[in-house]
Amino acid sequence: MKLSLDWIKEYVELPDGLDVSRLAYDLTMSTVEVESVENLSDRFKNMAVGLIEEILPHPNADKLRICRTNIGGGEIKDIVCGGINLTSGMKAAVAKPGALVRWHGEGGLVEIKNAKLRGVESYGMICASSEIGLFDLFPFEEEATIADLSGFDAPPGTDLATALGLDDVLLEIDNKSLTNRPDLWGHYGIARELSALYDAPMRELPEFRLPGGVGDVKIVIDDPDRCARYLGVKIDGVYAKPSSFVIQSRIWRVGMRPINALVDVTNYVMLAVGQPTHAFDSGNIKGGITVRRAGDGERLVLLNGKEVALSTDDLVIADDDEAVALAGIMGGVKDSILDDTTSVILEIANFEPIGLRRTAQRNDLRTEASVRYEKGIDPQRADQALRLACHVFASEFPEMKLSGYHDNYPRPLERIRFDVSLDWLARRMGKRLADGEIEKILNRLGFSCEISGDVLTVTPPSWRSTGDISLPDDIMEEAARLHGYENFEPTPITTTFERAINQIDMDIERRLREYLSFRCGMQEVFTYPWVKDEYLDAVSQDRKEMLEISAPPAPNERFVRSSLLPNLLEAVSENARYLDDFAVYELSQVFFDRNFSSPYDERERLPEQRRHVTGVLVSRDAGVAELFRRAKGTVEGIQRYAHTEPLSFCQTDRPGWADETVWLNISSANNEAGALALLSKRSALAAGIKQSSVMVFDIDIETLVPLPSRTNKYSHLPEYPQVEYDISMLFDEPVKWESIEAAALGKRAASDLVRSASFVDEYRGRQIPEGKKSITLRLVIGSDKKTLTSDEIESAAAVIKKRLSKQLGGEIRA
């Protein structure tokens, strides 16, 4: 959300000398995240108002003219221009050398320099509005129309931003930080927050008094649960004309496009106080206004030209004949403001957020109004919107007359009241604030407070009473953030670490990611947990045990994934247009509508969740055999690099998405673990994959059996040379190698020179007596202190020979 600092200052007296960077920091630390700060005048550097004093023909071009232009300071500059609406005495925007503009409103920014155009020296450039980013404020129909600034009281040479009142600062607020603060979705709400933050006085909105002799506007609310309040005002003596430049400029600065005065006023009020409003052409409303549920299958054509089929869960605004608007989201074509509109009915309403959000999502309609209603606006805000709207209408249309008024308010807002222990607040915050300070902070925020002993009784203001403030923890947050989080001393946490917990089943995830990414060269991707219907159909996914979302992000994204493959196929379809060969995988959870359980509270039971890893290898040129070998090799390597029990392959149950021939089932410890297969042609085409072969492996990580942890010991590399010494001896047939190895090494002392003994070969033949076998073993002999001599090596080997002979009856083979 964008905010204008000038607009905010209209409602609050900020401290003198407050730097905008400090304001952004304080707002971020206490309330909402300020993502960026832009000085709007920077867009118009080196641009000024120029007065065209004389227009001369260009000697070498029929469509160009030489404008003798006063740019202030007594300077008259010749500027070559091809504008079609140039006249002597006209004021225009002049981009001086060094200014950045877009040629004909297209492409990137280009720096203006002095140039010679068709043989004539030209200073700077006389600009069209599209070339300096002001097309929405100065629209035109014909190309090469110059922005006419003659209506502005600005002498030649005035900086363009100053002349147009655009020397403002824009704050970009992260919308996620506003999600639970419906009171901040407007300039007045932010001003109120800054007032509390700096203890600065607020300026009141204009007063509204209902004139005498005002008639009624018929307002009927059929469903008070979905519409708590509907205020209708009939205003005569209005018509479709451009709004004043101040109104246009303000709504343009924060990202909206001016349309006409009737529409701009409603948008202005919404951006000012955060309360959406809507103007109906009263000539198109038959009878009165009824807020009701839509009929099943009822159709409505909206202002954007989209026709929607409604259900009984949708709320509409209707006249006596039919629906004319989708409540809180968008008006219909029937009630739209036309060139011949002379009277409007101004709607200022309060709609229930959850049902409105479901309607917006179901019909893929997100508007500035619906976003604000979804947060839960308080009904009392309609009073602020009414005061401001009537004031702005009167300033834009001095001849306007308020001829009808009705306020239908069946469900007045009930402000909650609850107690908070001051001792509890001190413990939770880690700091005891003075009772007077807590009360002062809350009063600045609009709360009503009473202190009796240790009990603080709190009543939140109406704009914080729609779910934002309801618990003692909320009061703790309000007190702490206004006191300043930086003013709390950090307290170290006292804890004791006794031993590390080795979760070998969790380590599998990290090892799988490292193996697939580093050793196999695959790219990890992340997809949404919901799935599009077309990709479910592509893999023949059974929806029987899939979870369905009650308010899906889109009509074709109703189901939560029970397999990672559908979303991976969407990723393949998108990337196959740009890449011939690639490999991606995803390691994440899948969900099933079964086995609901909770380890903590039965009221919070969750569905079955399992970890899966699914990979796809895609190639346009490689053969199926090569892809299959790569995929199978990848799966076979898992047991080694993820430290799991071996995986095995068989053919028992072909997946619905698999090719009829190239497929395998994967097993782990005799349990079905997944599948490895070529994606069938039918599934590939259904997923939009036409020219690439896709090999898929899908493994249920929960079935993998991790190997127990090993205790590894470090041993130094030898500092001195070691010698390999082979011995061949005859042993009786029953003697086993393990006995030979044990006898050769024995109980080694620190002074022993034999480091190891290993098996080389076993031989039986004519030279070997009956009942005997020849065993060759290899000794590694060395010392930690010196290089051994031949005599020392022979002596060490002789000890081993003697030991084998004595213990096992071995004899040296001749």
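**A walk around helix H12**

Nine of the twelve residues of H12 are buried, so this helix is largely enclosed by the rest of the structure. Keep in mind that you're looking at a predicted model. The buried residues are Asp474, Ile475, Met476, Glu478, Ala479, Ala480, Arg481, Leu482 and His483. What lies over them? The cover includes helix H2 (20-30), H4, strand E24 (418-421), helix H10 (422-429), H11 and strand E26 (455-459).

Now look along H12 itself. From its first C-alpha to its last, H12 reaches 17 Å, close to the 16 Å expected at 1.5 Å a residue.

Let's pick one of the covering elements, H11. Two packed helices are described by the angle between their axes and the distance between the axes. For helix H11 (residues 435-444) and helix H12 (residues 472-483), the angle is about 95° and the axes are 10 Å apart. That angle falls between 65 and 115 degrees, so H11 and H12 count as roughly perpendicular to each other. Which residues make the contact? H11 brings Glu437, Ile441, Leu442 and Arg444, while H12 brings Ile475, Glu478, Ala479, Leu482 and His483. Sorted by class, that contact has five nonpolar, one polar and three charged residues.

Charged residues take us to the next stop. Side chains of opposite charge can pair when their charged atoms come close. Across the whole structure, a search finds 59 salt bridges. Two residues of H12, Glu478 and Arg481, belong to a network of salt bridges that also links Arg181, Asp183, Glu193, Arg464 and Asp468.

Glu207 pairs with Arg387, their closest N and O atoms being 3.8 Å apart. Glu207 sits in the loop between helix H4 (187-198) and strand E13 (219-221), and Arg387 is in helix H9 (residues 381-396), so the pair ties together parts that are 180 residues apart in sequence. Glu207 is exposed, with a relative accessible area of 58%. Then there's Lys77, which forms a salt bridge with Glu75, with 3.5 Å between the closest N and O atoms. Lys77 is partly exposed at 23% relative accessibility, and Glu75 is partly exposed too, at 39%.

Conventions
Residues numbered from 1 in each chain as written. Predicted model: local features only at pLDDT ≥ 70, side-chain atom pairs only at ≥ 80, totals over all residues. Heavy atoms only, no water. Salt bridge = Lys/Arg side-chain N within 4 Å of Asp/Glu carboxyl O. Buried < 20%, exposed > 50% of the residue type's maximum accessible area, 1.4 Å probe, protein only. Helix = DSSP H or I, 4+ residues; strand = E, 2+ residues; numbered from the N terminus. Axes fitted to C-alpha atoms, helices over the stretch in contact; angles between N-to-C directions. Parallel < 35°, antiparallel > 145°, perpendicular 65-115°, else oblique. Contact = heavy atoms within 4.5 Å. Nonpolar A, V, L, I, M, F, W, Y, C, P; charged D, E, K, R; others polar. Expected span 1.5 Å × (residues − 1).
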